Amino acid sequence: MLTGWDCPGCGIQRAIHALFHGHFIEAISYNYYLAYSLPYALSFVVVWVAPDYGWSQKLRNFIQDRRVVYFYIITYFIWLFVRNILHI
C-alpha cells in the first residue's frame with residue numbers, strides 16, 4: 001500500500017485454491033512465481049514426510065544449501081521488480 005507495487009506473493013492464495021480444484025493454468029496465471037517456486041517448496045514436504053531414507057538426506061542437503069537458498073531469495077526479488085515493471 002505504501003509503494004503501490006504488487007508484492008511478489010500476491011495471488012498465491014488464489015493460485016493454491018485453483019490448484020486444489022485442478023485448474024493448473026488458472027493457478028499459474030494468478031502468480032507465475034508459484035510455478036517456479038512450488039517444486040522447491042514441495043521438496044521440503046517430501047523431506048519432512050520421508051526423513052529416514054538415503055535419498056531424502058541428499059535432497060535435504062540440496063534444498064538447505066546456502067547457494068540454493070540465496071538463489072531463491074534473489075529470484076524472489078527479481079520477480080518483485082519484473083512483476084511491477086511489466087505489470088504482470
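What you're looking at is a predicted model, so local features need pLDDT of at least 70 and side-chain atom pairs count only at pLDDT 80 or more, while totals for chains, interfaces and linings use all residues. Residues are numbered from 1 along each chain as its sequence is written, and side-chain values use heavy atoms, with hydrogens and water left out.

**Overall fold**

- The chain has five helices and zero strands; helices (H or I, at least four residues) and strands (E, at least two) are DSSP runs, numbered from the N terminus.
- Starting at the N terminus, the elements go α-α-α-α-α.
- The radius of gyration (taken over C-alpha atoms) is 15 Å, well over the 12 Å that the globule rule gives for 88 residues, so the chain is more spread out than a compact globule. That rule is 2.2 Å times the number of residues to the power 0.38.
- Along the principal axes, the C-alpha atoms fill a box of roughly 45 × 30 × 20 Å.
- Take the contacts (heavy atoms within 4.5 Å) between residues at least 6 apart in sequence: 46% of them join residues at least 24 apart.

**Surface and burial**

- The chain exposes about 6800 Å², and carbon and sulfur atoms supply 70% of that; accessible areas come from the Shrake-Rupley method with a 1.4 Å probe, and for residues only the protein chains shown count as cover.
- Of the 88 residues, 25% are buried. Here buried means under 20% relative accessible area, exposed means over 50%, and partly exposed is in between (1.4 Å probe, protein chains only).

**The nonpolar core**

- Seven residues make up the largest nonpolar core: Tyr 33, Tyr 40, Val 47, Ile 63, Val 68, Tyr 72 and Trp 79. Such a core is a set of buried Ala, Val, Leu, Ile, Met, Phe, Trp, Tyr and Cys residues joined through side-chain atoms within 4.5 Å.
- Helix H3 (32–49) and helix H5 each supply at least two residues of this core.
- Val 68, one of the core residues, is in contact with Tyr 40, Phe 62 and Ile 63, leaving aside its neighbours within four places in sequence.

**Helix H5 (residues 66–86)**

- Thr 75 sits in helix H5 and counts as buried, at 15% relative accessibility.
- Beyond its neighbours within four places in sequence, Thr 75 is in contact with Tyr 33 and Tyr 36.
- Asn 84 is in helix H5 as well, and with a relative accessible area of 11% it is buried.
- The Asn 84 side chain reaches the backbone nitrogen of Asp 6 at 2.7 Å. Not counting residues up to four places away in sequence, Asn 84 touches Trp 5 and Asp 6.
- Ile 85 belongs to helix H5 (residues 66–86) but is exposed, with a relative accessible area of 61%.
- Ile 85 and Trp 5 are 80 residues apart along the chain, yet their C-alpha atoms are separated by 9.3 Å.

**Helix H2 and the cysteines**

- Ile 28 lies in helix H2 (residues 24–30) and is partly exposed, at 35% relative accessibility.
- The C-alpha atoms of Ile 28 and Ala 15 are separated by 6.5 Å, with the two residues 13 apart along the chain.
- Cys 7 is partly exposed, with a relative accessible area of 35%, and Cys 10 is partly exposed at 28%.
- Searching the whole structure turns up zero disulfides; a disulfide is a pair of cysteine sulfur atoms within 2.5 Å.

Note on methods:
A polar contact is a pair of N or O atoms within 3.5 Å; within protein, one must be able to donate a hydrogen and the other to accept it, and residues adjacent in sequence count only if both atoms are side-chain atoms.
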